[in-house]
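Q: Take me through this structure feature by feature. Give me the general idea each time, then the case.

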Amino acid sequence: MTTIAALDARLIRIPLTRPWAADVTSVGVIATHLRRSDGAEGWGFAWTPQIGAEAVLALLRHDIAPAAVGRSADPGDAWQGLWEHVHEAGGGGVTTIALAGLDLALWDAAARAAGSSVSTLIGRRRESARVYGSGVNLHYSIDELVAQVERWVDRGFSAVKIKVGKADVAEDLDRLRAVRSVLGPDRGLMIDANQRWELDRATRSIEVLAEVRPGWIEEPLRADDIDGHAELARRLGGGPRIPIAVGENLHTAYRFAEMLRRGAAQIVQPNVVRVGGITPLQRIAAVAEDAGAELHPHLLPELSGQLALTLPGGAAEPWVEDVEDAGFAELGALRDPCPVVIVGGRLREADHLGLGLRFTDPSITDPSITDA
């Protein structure tokens, strides 16, 4: 049996060229390097924009790496046992984020050993995936917002996602009307409240914003408020059909299954890193397919775009989210060429081995110094 021989991790901070907030000017990447007993190597990562990166690094170094050595290196084999090992520190959150650093490196090593990409190893179901433009733009003026949407239209995107949650919903509506005027009637417009509302305010706000025909409303309530989302879905069932999307802040297949079983959401958006990597993402995809729900992975198009090519079609073809000016390649964080390309609103893979995601600290000019 091929086993895990060693796992190393290091933290780098990648500056954002377009800050997501006054206190979010960089993202944290915990780059991992794995060596198997047969000598094969793999590279992965964990990720968190602002909070918890040091905790994730500590979990990987002090709890996950020692417990992983000697376990099976076949992708997926070690995940459940290691999740049970770190569960005392929490069933999800920093624990699953840290587990992604190991899981991604295992999949990368397996694909590299086979001389293929991870999507080839898993089995692609499509050669390209549709992409929507996204941004952290609630703090933008209307002029800045409109200019951003115009850039997305010029790039060929057929849908965009806009943040909502201003103090007065009338301001949200004015902003969305301006966006819709740029998009025209045929492009998709999704909206994301980022957990800013409570139930009654969400109900009232969605009724107002229905005018612009949103494709979905994302995280209208606190992510773990299953009762609230179920009640909101019931209320929306009597009006314009606006699907509820959740998932970027859910961490286990159990939570996704409960949300869908309760009718609290129609769309799920797992973040590949936050759920713990490719292994649990596949479980969540199976849950969504069984429930007849749409699945559209959250953020990280260089990673989630590759996996979108392998996901079941389910209720709809997966969307890939591309946040403006936040790609790892654009930020100068990748040692090698980007493993995906986005042209005309579609994502395709470029030639690469494994995941094709090896990081270098952008503050250091010689990548060999810090390449894990």
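A: First, the elements. Helices are DSSP runs of H or I with at least four residues, strands are runs of E with at least two, and both are numbered from the N terminus. The model is predicted: local features need pLDDT of at least 70, side-chain atom pairs count only at pLDDT 80 or more, and totals for chains, interfaces and linings use all residues. Residues are numbered from 1 along each chain as its sequence is written, and side-chain values use heavy atoms, leaving out hydrogens and water.

Q: How many helices and strands does the secondary structure of the chain come to?

A: The chain has 11 helices and 13 strands. The radius of gyration, taken over C-alpha atoms, is judged against the globule rule: 2.2 Å times the number of residues to the power 0.38. The chain's value is 20 Å, close to the 21 Å that the rule gives for 372 residues, so the chain is as compact as a globular protein of that length. Its C-alpha trace spans about 60 × 45 × 40 Å along the principal axes.

Q: What share of the contacts in the chain with a separation of 6 or more comes from residues 24 or more positions apart?

A: A contact means heavy atoms within 4.5 Å. Residues 24 or more positions apart account for 70% of the contacts with a separation of 6 or more.

Q: What percentage of the 372 residues in the chain is buried?

A: Buried means under 20% relative accessible area, exposed means over 50%, and partly exposed lies in between (1.4 Å probe, protein chains only). By that cut-off, 58% of the 372 residues are buried. Helix α11 (residues 301-308) is mostly covered, with 8 of its 8 residues buried.

Q: How many residues of strand β4 are buried?

A: In β4 (residues 129-134), 6 of 6 residues are buried. Check each face in turn. Ala129, Val131 and Gly133 are buried on one side, and Arg130, Tyr132 and Ser134 are buried on the other.

Q: Which strand pairs with β4 in the antiparallel sense, and which one runs parallel to β4?

A: Two strands pair if DSSP finds at least two bridges between them. β4 pairs with β13 (residues 346-349) in the antiparallel sense, over 2 bridges. There, Arg130 stands opposite Arg346. β4 and β11 run parallel and are joined by 5 bridges. Here Gly133 has Asp322 as its bridge partner.

Q: Which residues other than glycine have a positive phi?

A: Most residues other than glycine have a negative phi. Two cases here go the other way. Glu219 has a phi near 40°. Glu219 lies in the loop between β7 (217-218) and α8 (226-236), and at 2% relative accessibility it counts as buried. Asp325 has a phi of about 60°. Asp325 is in the loop between β11 (319-323) and β12 (340-343), and it is partly exposed at 24%.

Q: How many cavities of 30 Å³ or more are there?

A: Rolling a probe the size of a water molecule over the atoms shows where empty space is left. On a 1 Å grid over the protein atoms alone, a cavity is a set of points where a 1.4 Å probe fits but cannot get out, and lining residues have an atom within 4 Å of a point. Points are joined across faces, edges and corners, and a volume is the space filled by probe spheres set on the points. The count is 4 cavities of 30 Å³ or more.

Q: Which residues lie nearest the centre of the largest cavity?

A: The largest cavity holds about 130 Å³ of space. It is lined by 15 residues, with Trp20, Trp47, Leu300, Ala326 and Gly327 nearest its centre. α11 and β11 each supply at least two lining residues, and β11 gives the largest share, 3 residues. For classes, Ala, Val, Leu, Ile, Met, Phe, Trp, Tyr, Cys and Pro count as nonpolar, Asp, Glu, Lys and Arg as charged, and the others, Gly among them, as polar. This lining has 11 nonpolar, 1 polar and 3 charged residues.

Q: What volume has the second largest cavity?

A: Its volume is about 80 Å³. Of its 13 lining residues, Ala285, Ala293, Leu295, Pro312 and Gly314 are the closest to its centre. α10 (278-291) and β10 (294-295) each supply at least two lining residues; α10 gives the most, with 3 residues. By class, the lining of the second largest cavity divides into 9 nonpolar, 2 polar and 2 charged.

Key:
On a 1 Å grid over the protein atoms alone, a cavity is a set of points where a 1.4 Å probe fits but cannot get out, and a pocket is an open set with protein on both sides within 12 Å along at least five of seven lines; lining residues have an atom within 4 Å of a point.
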